[in-house]
Amino acid sequence: GYGWAVEVGEPWKSYHGSLQALGTFGHGGAGGTYLWVDPARELVGVYFSTELHGQAAGIHKGQMDAFQDMVTAAIEE
């Protein structure tokens with residue numbers, strides 16, 4: 001992935017929502033931002049935050065995962 005997390009059916013070490021298709025890839029920034037691309041759904045999503053990594057990391061990760069799932073779930077197929 002060269003610095004990008006790629007969904008391969010196992011939990012990522014960084015961020016991922018549970019609804020992501022195989023092949024979805026993403027990258028987190030130091031300022032708490034996250035970008036992901038879901039080629040199967042033709043979706044590009046961006047999460048913006050002002051929390052730095054390490055500040056309440058578990059809560060912040062959960063918020064990003066929930067946001068990613070909400071965006072994905074809103075797509076009508």
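Tyrosine 34 and tryptophan 36 are both buried in this predicted model. Their rings form a stacked aromatic pair, with 6.2 Å from centre to centre and 20° between the planes. In general, a ring pair like this is described by the distance of the centres and the angle of the planes. The count of aromatic pairs comes to 4, and two of them are set out here.

| Aromatic pair | Centre to centre | Angle between planes | Arrangement |
|---|---|---|---|
| Tyrosine 34 and tryptophan 36 | 6.2 Å | 20° | stacked |
| Tyrosine 47 and phenylalanine 67 | 5.4 Å | 55° | tilted |

The tilted pair of tyrosine 47 and phenylalanine 67 is worth a look for where its partners sit. Tyrosine 47 belongs to strand β4 and phenylalanine 67 to helix α1, so this pair ties together parts that lie 20 residues apart in sequence. Tyrosine 47 has a relative accessible area of 12% and counts as buried, because the cut-off for that is under 20%. Phenylalanine 67, at 27%, comes out as partly exposed.

Strands of a sheet pair through backbone hydrogen bonds, in either a parallel or an antiparallel way. Here β3 (residues 34–38) and β4 go antiparallel over 5 bridges. One of the contacts to pick out involves aspartate 38, whose bridge partner in β4 is leucine 43.

Between β3 and β4 there is a loop, and glutamate 42 lies in it. Most residues other than glycine have a negative phi.

What about the surface around β4 (43–47)? Val44, Val46 and Phe48 form a nonpolar patch there, with about 330 Å² of accessible area together. Phenylalanine 48 sits in the loop between β4 (43–47) and α1 (57–73). At 68% relative accessibility, phenylalanine 48 is exposed, whereas tyrosine 47 is buried.

Terms used:
Residues numbered from 1 in each chain as written. Predicted model: local features only at pLDDT ≥ 70, side-chain atom pairs only at ≥ 80, totals over all residues. Heavy atoms only, no water. Patch = residues over 30% accessible without salt bridge, like charges linked within 9 Å, V, L, I, M, F, W, Y side chains within 5 Å. Areas by Shrake-Rupley, 256 points an atom, 1.4 Å probe, with all protein chains shown as cover. Salt bridge = Lys/Arg side-chain N within 4 Å of Asp/Glu carboxyl O. Helix = DSSP H or I, 4+ residues; strand = E, 2+ residues; numbered from the N terminus. Buried < 20%, exposed > 50% of the residue type's maximum accessible area, 1.4 Å probe, protein only. Pairing = 2+ DSSP bridges. Phe/Tyr/Trp six-rings, centres within 6.5 Å; stacked < 30°, edge-to-face > 60°.
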